[in-house]
Amino acid sequence: MRLKEKTHRKFVDFFEKMSRMYQGNEFELAYSDIQRETGAASVTLKRAIQALEVDGVIQVSPGRNSRYAKFKYLLEQPVDNSVGNNQQDQVVPVEQNVPVNNEASIKNEVNELVNLVDQLRRRIRTQEMAIALLQDRVAELEDKIRKQ
């Protein structure tokens, strides 16, 4: 049950983002929401969740019904609440800190935009295929009508 590295990274990033959003607490999500955000097929989604659970990245428990599950991201480091006490020991000039954080955040934003564009491309391709199928079906129906 091995996932491709890109798929594995996509799901780890997704659950890391959701964990940050829920401040490290357990959160409940619909499988369809995860599928929509990651752009994965339902089979891939199930395999990815199982693989991440086996790898110890997430903990999964049943949700309110079969379409939901509760997740706990296990890799995140706990936030230290005593930062205010040690603030004098960890003073870093702003000029040194900003470019590194800014560069990292720009890279993260670019990666996120690339992922979003990729998801949109997949959705457009799916819509194009659906339209093509509908056009074929309409053509068949028109042929049947003409023959009668």
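Asp 118 and Arg 122 sit four residues apart in helix 4, a spacing of about one turn of the helix. In this predicted model, their side chains meet in a salt bridge, with an N to O distance of 2.5 Å. Both partners are partly exposed: Asp 118 has a relative accessibility of 24%, and Arg 122 has one of 30%. As a general point, side chains of opposite charge can pair when their charged atoms come close.

The side chains of Lys 107 and Glu 103 form a salt bridge at 3.7 Å, N to O. Glu 103 is partly exposed, at a relative accessible area of 48%. Another salt bridge joins the side chains of Arg 146 and Asp 143, at 3.9 Å from N to O. Here the spacing is three residues, so Arg 146 and Asp 143 are again separated by about one helical turn. Arg 146 counts as exposed, with 65% relative accessibility, whereas Asp 143 is partly exposed at 39%. The structure holds nine salt bridges, including the pairs described here.

Turning to the helix packing, helix 1 (residues 5–21) and helix 3 (residues 42–55) pack at an angle of about 75°, and their axes lie 10 Å apart. Helix 1 is therefore roughly perpendicular to helix 3. On the helix 1 side, the contact is made by Thr 7, His 8, Phe 11, Val 12 and Phe 15. Helix 3 contributes Thr 44, Leu 45, Ala 48, Ile 49, Leu 52 and Asp 55. Sorted by class, this contact has seven nonpolar, three polar and one charged residues.

Neighbours within four places in sequence aside, Phe 71 is in contact with Phe 15, Ile 34, Ile 49 and Ile 58, among others. The contacts of Phe 71 also include Phe 27, Leu 29, Tyr 31 and Val 60, along with Asn 25, Glu 26 and Gln 59.

Technical notes: Residues numbered from 1 in each chain as written. Predicted model: local features only at pLDDT ≥ 70, side-chain atom pairs only at ≥ 80, totals over all residues. Heavy atoms only, no water. Axes fitted to C-alpha atoms, helices over the stretch in contact; angles between N-to-C directions. Helix = DSSP H or I, 4+ residues; strand = E, 2+ residues; numbered from the N terminus. Parallel < 35°, antiparallel > 145°, perpendicular 65-115°, else oblique. Contact = heavy atoms within 4.5 Å. Nonpolar A, V, L, I, M, F, W, Y, C, P; charged D, E, K, R; others polar. Salt bridge = Lys/Arg side-chain N within 4 Å of Asp/Glu carboxyl O. Buried < 20%, exposed > 50% of the residue type's maximum accessible area, 1.4 Å probe, protein only.
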